[in-house]
Amino acid sequence: MRLIWWLATVMFVGFVTLLLSEQNALDPLKNATLTVSAPVEDTFRDAASPLSDIYEGIADRGELVRDNERLRDENETLKSQVADQQEKDLLIQQLTDALQIQSQRPDDQLVVANVVAEDPSGLKRSIAIDLGQSDGVDEGMVVLSRNGSLIGTVSLAFQDFAWIRLINDPESAVNAQVNVSSAQPGDGGVLTPGGQEDEPSATPAPSPEASPSASPAPPPAPVRGVAEGHLRDGIVLDLLPPESAIGPGALVVTSGLGGNYPPGLLIGTVTEVEQRPQAPFKKALVEAATRLDSLDTVLVLVNFKPARLEAAP
Amino acid sequence: VRYAVAAVIAWFLAVLDVSVFPYIHPLGVSPDLVLIFAVSWAVVRGQDEALVVVPLCGLIQDLLTSDPVGLSIIGLAPAVPIALAVRMRAIETDFLPTIAAVMGTSACYGVISMALLGFTGQDVAVFNSLLRVVFPALIINALFTPLIYLPMHWTAPRQTAWLQSSARLPSSL
């Protein structure tokens with residue numbers, strides 16, 4: 001009988017605190033706990049980072065992993081530049097200067113934050129950072145990797161800390177696009193920072209369309225979809241038009257639609273395209289531009305006001 | 001004092017959960033040390049202490065993760081009745097019952113977490129979560145149980161007085 005009463009009490013208290021938590025009434029308590037715990041967590045994370053290598057495999061492999069990480073960083077930087085260039089080209093081609101949106105991000109104000117914790121539940125993909133409302137961080141703000149690719153948004157902001165919902169979290173959905181003009185580097189081609197594909201083999205025979213006398217083809221419209229987080233697959237680019245011609249290697253960037261993300265932020269690279277007969281939309285698996293499971297430092301874009309924040313009173 | 005000690009240990013394990021164990025994720029999940037600790041305490045030290053320690057562990061877990069406060073308080077509550085149930089055993093040991101209780105509580109915790117996250121408006125892919133998180137967590141938490149159970153067992157006062165009259169097989173665990 002006592003156990004039943006205890007269970008009832010715990011359920012009641014649990015639900016009350018759950019409701020209070022949903023109303024942000026317990027945020028100061030969480031902030032205080034994180035204030036106490038963050039230095040310890042930070043120390044543990046620093047001490048434990050070599051565990052990642054050990055866990056990955058034998059000693060030599062750790063160096064390979066670090067090299068790989070460095071190369072990925074460089075690759076990510078180059079891809080960011082490519083994506084940025086593509087975005088600018090596209091904006092110019094589409095005469096968006098008339099709409100005055102091509103220069104939206106020259107004055108990005110970024111604040112650097114350290115990752116102090118990761119959500120261990122497995123049901124979510126979240127990290128905690130050591131900046132909060134006192135540093136100008138607010139819920140909904142966009143968070144980038146140190147190389148400038150999109151990693152998520154602020155989902156909970158306390159006084160001195162904040163939780164970031166990563167783009168591979170099941171709750172995450174980002175309006176995205178693939179710029180088809182240079183989105184097909186696959187099949188052995190190498191993507192250069194100029195957005196062109198270097199063919200490793202002989203120069204292909206010129207086609208009539210490619211002759212110097214032919215007028216340049218109009219730029220194809222970007223293929224738009226929604227990049228959703230997925231527990232199993234990481235990031236899935238969904239709702240793609242079935243006739244869209246994208247393939248592995250295509251760069252996925254934010255489209256800016258909806259106003260919650262600035263346009264042109266690199267999300268990742270298409271690794272696989274899935275199209276089922278009769279399916280109304282195509283899907284593509286996307287590999288994030290940065291490793292989302294080993295983030296140490298992130299950048300919060302504090303001057304971009306997402307539409308959902310601007311709409312709030 | 002014992003509850004203060006339990007709170008400090010639970011806090012320490014929760015800190016390990018969010019800082020160190022994201023680097024170690026066999027089968028794609030990290031062990032939930034706070035859950036293991038709460039269940040081990042409930043089995044090894046008995047129901048009276050578990051009634052305080054288990055919700056305390058849930059509260060500490062909630063304060064250190066992105067979960068809303070209350071989720072783990074409710075999610076860990078089944079640990080107490082499960083720990084009580086697994087005392088009905090044929091061998092005089094807490095080890096196997098603790099393993100069983102950890103697995104049972106992990107399953108309950110996973111399902112309750114999904115339900116409560118859904119209740120708070122978050123999108124939960126039920127099948128994927130069961131397959132990729134809840135089921136692997138049963139195994140991983142069971143595998144990590146000795147790390148917490150054994151030190152607790154060695155330092156705990158024996159709770160076996162009421163077992164002496166029963167015809168159970170002895171065990172060093």
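I'll start with helix α2(B), which is mostly covered: 13 of its 13 residues are buried. Keep in mind that this is a predicted model. The helix runs over residues 33-45 of chain B. From its first C-alpha to its last, α2(B) reaches 17 Å, close to the 18 Å expected for its 13 residues at 1.5 Å a residue. Just after α2(B) comes B:Gly46, with a positive phi of about 95 degrees.

Now, where do those buried side chains go? In general, nonpolar side chains in soluble globular proteins tend to be buried together. Here, the largest nonpolar core has 67 residues. Which element gives the most to this core? Helix α2 of chain B does, with 11 residues. The residues with the most contacts inside the core are B:Phe37, B:Val54 and B:Cys57.

Let me stay with B:Cys57. Leaving out residues up to four places away in sequence, B:Cys57 touches B:Ala10, B:Val34, B:Phe37, B:Ala38 and B:Leu76. At 1% relative accessibility, B:Cys57 counts as buried.

The cut-off for a disulfide is 2.5 Å between the sulfur atoms. Seen from the other end, B:Cys108 has its closest cysteine sulfur in B:Cys57, again at 16 Å and too far for a bond. Is B:Cys108 buried or partly exposed? B:Cys108 counts as partly exposed, at 28% relative accessibility, whereas B:Cys57 is buried at 1%.

Back to the cores. Apart from the core of 67 residues lies another, of 44 residues. Its members include A:Val115, A:Leu144, A:Val270 and A:Leu292.

A:Leu144 takes us to the strands of chain A. A:Leu144 stands opposite A:Leu150 in β4(A). Strand β3, residues 142-145 of chain A, and strand β4, residues 150-157 of chain A, pair in the antiparallel sense over three bridges.

What do these strands belong to? In chain A, a closed barrel of six strands runs β1-β2-β5-β4-β3-β14, with antiparallel pairing. From one strand to the next, the twist averages 45 degrees.

That leaves two pictures to take away.

How values were computed: Residues are numbered from 1 along each chain as its sequence is written. Chains are lettered from A and ligands numbered from 1 in the order in which they are written. This is a predicted model: local features need pLDDT of at least 70, side-chain atom pairs count only at pLDDT 80 or more; totals for chains, interfaces and linings use all residues. Side-chain values use heavy atoms; hydrogens and water are left out. Two strands pair if DSSP finds at least two bridges between them. Helices (H or I, at least four residues) and strands (E, at least two) are DSSP runs, numbered from the N terminus. Axes are lines fitted to C-alpha atoms, for helices over the stretch in contact, and angles run from 0 to 180 degrees between N-to-C directions. Buried means under 20% relative accessible area, exposed over 50%, partly exposed in between (1.4 Å probe, protein chains only). A nonpolar core is a set of buried Ala, Val, Leu, Ile, Met, Phe, Trp, Tyr and Cys residues joined through side-chain atoms within 4.5 Å. Contact means heavy atoms within 4.5 Å. The expected span of a helix is 1.5 Å times one less than its number of residues.
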